[in-house]
Amino acid sequence: MAFSAAAFWLVTIMYVWWLAAGDRSVPIFIGAFLFPVAAAFTTLAAVVMRRAAKKVLTENVYEDAIRARAYAALELPGTYHLAFRDLRALIEQHVTGKRGLDFGCGTGRSTRYIEGLGLTAVGVDVSEEMVAEARAASPSGDYRVIPDGDLSSLSGSEFDLVLSTFTFDNIATAPKKVLLLKQLRDMLGSDGRMINLVSSPEIYVNEWASFSTKDFPENKNARTGDLVRIVMLDVDDGRPVEDVVWEHEDYLKLYDDAGLEVIATERPLATGDEGVAWVSETEIAPWTIYILARKS
Ligand SMILES: C[S@@+](CC[C@H](N)C(=O)[O-])C[C@H]1O[C@@H](n2cnc3c(N)ncnc32)[C@H](O)[C@@H]1O
C-alpha cells in the first residue's frame with residue numbers, strides 16, 4: 001500500500017510538471033483530481049494498515065511451564081543449527097579467558113554450549129519456568145532467576161564472554177534494551193566480549209526449516225519495536241512465540257547508546273550440504289550475530 005501511495009504521488013507530481021510545461025495530453029479531470037485523490041486515499045490506507053500492524057510486546061512468552069518443557073526438549077535442529085554453527089569459531093577468535101555469562105539462558109541450551117567449549121558459565125534468566133528446566137537438565141549448573149531489567153545481583157562480577165542468544169528478541173523497548181546492555185557492558189572484563197545473537201527481521205516474513213510465519217502476514221508491516229509472531233516447528237507446543245522485531249540500523253543505535261562498539265557482524269547462511277531440507281536458509285540469514293566490546 002505504501003508503494004501504491006508513493007506511485008500515485010509520483011504520477012501527481014509528474015502531472016503538475018507536465019502541466020507547467022504546457023502539456024495537456026492527460027485530461028485535467030484525471031490529472032488534477034483522480035491522481036491526487038488516489039494518492040491521498042492510498043496514503044491514508046497505508047497509515048491505517050501500519051497503525052493496525054503496530055502492536056507492542058507486553059509479555060515474555062517463556063514464563064510458561066508448557067513452553068519451557070517444550071523448549072527443554074529442543075537441542076539444535078534445523079535453523080537453530082545455523083545460530084550455533086559459527087559460535088565456536090567466533091568465540092575462539094574473539095574471546096580470551098574462560099569466565100562466561102549466559103544472559104537469557106532459558107533451559108540452559110546456550111549455557112551448556114559454552115560450557116562445552118571449556119568456559120565456566122553462569123546462566124541468568126527472568127523465567128522461573130525456563131530456569132527450572134535448565135536446573136533439571138544440569139543440576140550442577142549455576143542457573144539464577146533475576147528480576148527483569150536488573151542485573152545488580154551480579155554486580156562486581158567480571159566476564160570474558162557475555163553471551164545472549166535470542167534474549168533480545170524478547171526485550172520490548174529501546175530504553176530497556178539499552179539499560180540491560182549497559183549493565184552487561186559493565187560486567188565485561190578488560191578484554192571481554194559480548195556476543196549478541198538475535199533474530200534477523202527477515203525471519204518473521206519467510207518460511208524456514210524450523211519456523212513458520214505464513215499465518216502472520218501482518219509481520220510484513222512490522223518495524224523496529226513492533227510485536228511479531230512466529231511458530232516453532234520443532235516443538236510440540238504450536239502456540240506462536242511473540243517477539244519484538246528490531247532492524248540492524250536500530251541495533252547499531254542501541255549499541256552506541258550503551259557504550260558498546262561493534263567488532264564484527266555475522267549473518268550465517270546454510271551451505272546446502274548439511275542434509276537438511278532448507279527452505280530459505282541458503283538465501284536469507286535467519287540470525288544476526290554481533291560481536292561487541294566496551295567502547296574505548
Ligand atoms: C528464546 S529463549 C533463548 C534461551 C537460550 N538462550 C537458548 O538459546 O536456548 C529467550 C530467553 O530470554 C529470556 N528473557 C527474556 N527477557 C529477559 C530479560 N529481560 N532478562 C533475562 N532473560 C530474559 C526468556 O525468559 C527466555 O528464556
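Two strands count as paired if DSSP finds at least two bridges between them. The model shown in these views is predicted.

**View 1. Two domains make up the chain.** The domain assignment places domain 1 at residues 2-53. Domain 2 covers residues 65-294. Taken over C-alpha atoms, the centres of domain 1 and domain 2 are 44 Å apart.

**View 2. A shell of 18 residues surrounds the ligand.** Y62, G104, G106, R109 and S127 are the closest of these residues. What is the make-up of the shell in nonpolar, polar and charged residues? Nine are polar, six are nonpolar and three are charged.

**View 3. An open sheet is built from seven strands.** The strand order is β3-β2-β1-β4-β5-β10-β9, and the pairing is mixed. Which strands form the edges? They are β3 and β9 (260-266), and each pairs on one side only. On average, neighbouring strands of this sheet are turned by 20 degrees against each other, with direction ignored. Helix α5 (residues 87-94) packs on the sheet. Helix α5 touches β4, β5, β9 and β10 (287-294). The direction of α5 makes about 15 degrees with that of β10.

**View 4. Strands β1 and β2 run parallel.** β1 spans residues 99-103, and β2 spans residues 120-125. Five bridges link the two strands. Opposite R99 stands T120 of β2.

View 5. Which residue of β3 is the bridge partner of G123? The partner is Y143. From β2 the chain passes through helix α7 (residues 128-137) to reach β3. This β-α-β crossover is right-handed.

**View 6. Strands β4 and β5 form a parallel pair.** β4 covers residues 159-165, and β5 covers residues 188-199. Six bridges hold this pairing. T165 has L197 of β5 as its bridge partner.

**View 7. Three strands form an open antiparallel sheet.** The order is β6-β7-β8. β6 meets β7 (residues 227-232) in the antiparallel sense, over two bridges. F211 stands opposite M232 of β7.

Terms used:
Residues are numbered from 1 along each chain as its sequence is written. This is a predicted model: local features need pLDDT of at least 70, side-chain atom pairs count only at pLDDT 80 or more; totals for chains, interfaces and linings use all residues. A residue is near a molecule or strand if its C-beta atom, placed from the backbone, lies within 6 Å of it. Ala, Val, Leu, Ile, Met, Phe, Trp, Tyr, Cys and Pro count as nonpolar, Asp, Glu, Lys and Arg as charged, and the others, Gly among them, as polar. Helices (H or I, at least four residues) and strands (E, at least two) are DSSP runs, numbered from the N terminus. A crossover is right-handed if, with the strands pointing away from the viewer, the path from the first strand over the helix to the second runs clockwise. Domain bounds come from an automatic or database domain assignment. Axes are lines fitted to C-alpha atoms, for helices over the stretch in contact, and angles run from 0 to 180 degrees between N-to-C directions. Two residues are in contact if their C-beta atoms, placed from the backbone, lie within 7 Å.
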